[in-house]
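Please look through the model below.

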Amino acid sequence: MNSPLRTRRAEWLVTAPSFLWLALFFAVPAVIVLAFTFHGHDISGGVGEWSLSTWRELVDPDYPTIIWNTIRISVEVTIWSIVLAVPCAYAIARMNSRWRAIVAGSIMLPFWTSFVVRVFAWKTMLHPDGWLQACYNFLSLSGEHSTILDSETAVVLVSVYSFLPFAIMPIYTAAEKFDFSLLEAARDLGAKNFYAFRKIFLPGIRQGLVSAVLMVFIPAIGSYVIPQMLGGTNCVLIGNKIFMRAIQNRNIPHASALATVMAVSVLIPIGLSMWWKKRQDMRDRQRLEAQTARLFTAGEGAAK
Amino acid sequence: MSNEFLVFDHVTKRFGALTAVNDVSFSVNKGEFFSLLGPSGCGKTTLLRMLGGFEKPDSGRIFLEGKDITDLAPNERRVHTVFQNYALFPTMTIWDNIAFSLRLAKLPKKEIEEKVDAILDMIQMSEHAWKYPNQLSGGQKQRVAIARALVDRPKVLLLDEPLAALDLKLRQHMLLELDTIHDQVGITFMYVTHDQGEAMSLSDRIAVINRGTIEQLDGPAKIYEAPSSRFVASFIGDTNFFSGEIVATEGDYCTIRPVGFPDIRAYNDKQLKVGQKVDLSVRPEKIRVTLAPPPPEKGASINVYPSTVQDIVYQGVYTKYWIKSSDFRIAALKPHSRFLLDQEPITWNDEVFVWWHPDDGYMVEAKQ
Amino acid sequence: MKRSMVSVMILAAVLAFLYVPIILVVVYGFVPNGISMSFFGSDGSFLGFTGKWYKYIFTGHQSVRSLLESFWLSLIIAGLSTLASCAIGTTSALALHKWKDRLQSVHHALVYTPLIMPDILIGISLLMLFAACHVNCGFWTILIAHITFCVSYVAMTVLARLQDFDDRITEAAYDLGAGPWYAFFHVELPILLPGIVAGGLLAFTLSIDDVVITSFVNGAGTNTFPTYVSSMTKHSRNLPSVFALSTLMLVFTCVLVGLSKLITSKGQSKLKPKAS
């Protein structure tokens, strides 16, 4: 096109605001964090000389336990969220459009209350003298009356509570596009309900499942507020440790190193999901090409 | 060259390895309804987009009223486009859509109102003026798109497959309407289509385009009756081809000997000589199919071939016959009024006679 | 069908699970005893509901002064970062949509990565930047941080809207004589506006709710509503005021959303195409 907006200079002009802003306040800080991990720290709270001491210290104290706990809890939270989200999304997608809008809306409605306030409400509810603790005591017949508050259970429970809508929404979006007559077709061909659900529905919404997993796993790994308010000293995750090291102990290199570990543990599943999607796309394309080729040869055969 | 209204002068446009338009030159008269007709991907839309200013030719120039407009931006040329999907501004009312170019031209408010109201009246959309595009039907959107492009009286109106999105009935209606609008406004129309029916019924002249070049530029009747190439003959309507060598000439007529078919007599308008190879095109509607042999005629003796009916396709207005004659499968059309005149209806596997007058065949290509 | 019955029951349970804390927030905004957070006296008698926390909020009682201050700060920061991120995010989406070259693939990575990084990483890395540049943390650092994470959300929302955008419409504007600026402001921008508004709403929600990033870059003494609330880790006397304020916000947003739904549905019924 001849329009002046398509020239190189115009491109720079339109790109510059976001590009420069994010370069300055996202890319540059990331590089700084990475650089700090290769420094030692000095006692005054500053950054010391170039050294590998930070990485060496990271292996030694309680860090590996914390990292492992964070990943384990995040996986637990993700599994719970997906297991609950799939039937919810399925149920919403099968409703008529009016109910769909209402229910999908009411799933997002809790978000109009401040996240911190909601976590605080949980804290109030989980109070050792509260009714939830009483129910819990009643249900745990073993007689071991541990408190929920300040435990891993509380962190998992409230994390699932907080991230569940993020799991339901992408699965629901995928399920909404799913052609439910396929399930009927499968049943028509003799498949049992659950078999059809597993073999037709779940693969049909796989894209939604992948984004749901990421939507839960990423904030769970980076979780800070929930363990801070509900985990007490029994459930300290990487996020809390980063905050502690950065703000309280002023050990900037350690905080940076922990942040780097966190970034890596987020990038790995994302990388995997991208690789998986690419592979799926390639397979689909190959299958399509093979089919087209077969069609063509069949067509030629018929013509002769 | 510059005294002509609109001129494409050796225009070439490439997209990567693909040459969309290959050294095309032609000119359009003022007030003409000019069509670019061709299969999809032939380069007709690229030609139109270069005239609109949305693409720049790699070489060659485009002149409008003697002025070189090749390098002008779309907003700098008095050429407006009616887009295939109408491209109406969804956030504006019909009235505002039409007033768009007038407001840009900073006309006085009163003049804008007069012009918009007048054109709304012309397209009979006055009562819809304050609706939004998504409240209109396809045909109405189409009329608004045309009105929007016409209201400031451009030098040329470009129409890019404007009827493609409409259903058959509406398309036929809009064809008549387009014709009326063209007569009323007297602006040059440049019409791109792949539908030969549209091009035939509207155009003063048609450029048949194939693979980036113009195959033939003529009036509709000439293009149909005297196609310049095998491509034109087969793209515009149905036809039967007989490829062969001229074995004899006598006056204005000659005899062609195709491979796998008896000799055919044809009108030799190109004055070809014995030994030359030709493609003879005979349109299906010019071929008669009868159970009885044709009556003997005077003058040049007609072509008659005993044959067998293979397939019959009823098409409402016509019935189409596929007839096996020697090694050929010939298509012939028969209107039903004549069908009634036949003593016996023709049916599958009947032994029939196909026949046509030598004047009804047309030699399209002389291969050396 | 049996299968759907099971899923509907799970859905009902999940909805209950999601709403329990909300109900609690509303109810505890009326709790008489702010320390024990109980409706019952020490002798087990029911003390009833009280509206005093609401009265504190509306009269600006000194016990809720810093809470209200933090709330106003949150509103200001959310408003400003929404405006800024809408502007930057829209240009970003336009660039990503119009051009497809190396610059844009780098640009896309820059815009996309903040979305997949946990908040805390954006917080800590900005803290490092500000520390390295010896910037004192406060209002401006919070604002910068909020704009940074909002830009990506706005850009992606607008980009999604641009994907449905028919480029022929812009061409039609040029064709009818419009220059690029006129075409942008009179044709493209009005079409993109719903996308920008949606992105802006998202940005506002994220900004007003953010606690993690803010707690890294707020410095001493500057508190937004979420950081103020989270700083009350022990039960404080003000908790019922927090709940009361949250209830007010919830009611306010519900009314706002309800109104906008009403307006759009009316607008839509007006826009519904007549039988053609």
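Which residue in strand 4 of chain B stands opposite B:Val7? B:Phe63 does.

## Basis

This is a predicted model, in which local features need pLDDT of at least 70, side-chain atom pairs count only at pLDDT 80 or more, and totals for chains, interfaces and linings use all residues. Residues are numbered from 1 along each chain as its sequence is written, while chains are lettered from A and ligands numbered from 1 in the order written.

## The sheet in chain B

Four strands of chain B make an open, antiparallel sheet, ordered 2-1-4-5. Strands are DSSP runs of E, at least two residues; helices are runs of H or I, at least four; both are numbered from the N terminus. Strands pair if DSSP finds at least two bridges between them. Strand 2 (18–28) and strand 5 (67–68) are the edges; each has a single partner strand, so one side of each lacks a neighbour in the sheet.

Strand 1 (residues 6–15) and strand 4 (residues 59–64) of chain B are joined by five bridges.

## Two domains of chain B

Chain B splits into domain 1 (6–234) and domain 2 (238–290 + 300–367). The bounds come from an automatic or database domain assignment. Their centres, taken over C-alpha atoms, are 38 Å apart.

Eight residues of domain 1 contact seven of domain 2 in chain B. Contact means C-beta atoms, placed from the backbone, within 7 Å. Helix 8 (residues 230–235) of chain B gives the largest share of the domain 1 side, three residues.

## Chains A and C

Between these chains, 65 residues of chain A contact 62 residues of chain C. Helix 1 (residues 8–36) of chain A supplies the largest share of the chain A side, 18 residues.

Terms used
Two residues are in contact if their C-beta atoms, placed from the backbone, lie within 7 Å.
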